[in-house]
Amino acid sequence: MVDDTTRGDAFVTDAGDLAALQGVQHIRGDLIIGGTDLAELAGLEELRSIEGSLSITSNPNLTQLQGLQGLEAIGRDLRVEFNPTLAG
């Protein structure tokens, strides 16, 4: 059984970190996706809310935010920067 809540901050720095969040619906902290080689965020489709901030920074191969389409609420800041191949 997958726990649908992550307590504290969640860090994604590679595909393994992303896979560990599959099925998570709520993060009680920040979600920080940074310094990865990921091209997409597939695996986060179940994520509905983040109590803290969402930071997506310095991901040179990230071309889309597909995977976050179910996200309904971010409690604090949204920061998306330094992702040179992200479609606008």
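Reader: Which residues is Asn-83 in contact with, leaving aside its neighbours within four places in sequence?
Author: In this predicted model, Asn-83 is in contact with Ile-56, Thr-57, Ser-58, Asn-59 and Leu-62. Contact here takes heavy atoms within 4.5 Å.

Reader: Where does Asn-83 sit in the chain?
Author: You'll find Asn-83 in the segment after strand 8, which spans 78-81.

Reader: Why does Asn-83 count as buried?
Author: The cut-off for buried is under 20% relative accessible area. Asn-83 comes in at 9% relative accessibility, so buried is the label.

Reader: Ile-56 keeps coming up. Which way does Ile-56 point from strand 6?
Author: Ile-56 points one way along with Leu-54, while Ser-55 and Thr-57 point the other way, and all are buried. In a regular strand, side chains alternate between the two faces of the sheet.

Reader: How do you know that strand 6 pairs with strand 8?
Author: Pairing needs at least two bridges. Strands 6 and 8 have 4 bridges and run parallel, so they pair. One of the bridges has Val-80 in strand 8 as the partner of Ile-56.

Reader: And what about strand 4 and strand 6?
Author: Strand 4, residues 31-34, pairs with strand 6 in the parallel sense over 4 bridges. There, Gly-34 has Thr-57 as its bridge partner.

How values were computed. Residues numbered from 1 in each chain as written. Predicted model: local features only at pLDDT ≥ 70, side-chain atom pairs only at ≥ 80, totals over all residues. Heavy atoms only, no water. Helix = DSSP H or I, 4+ residues; strand = E, 2+ residues; numbered from the N terminus. Buried < 20%, exposed > 50% of the residue type's maximum accessible area, 1.4 Å probe, protein only.
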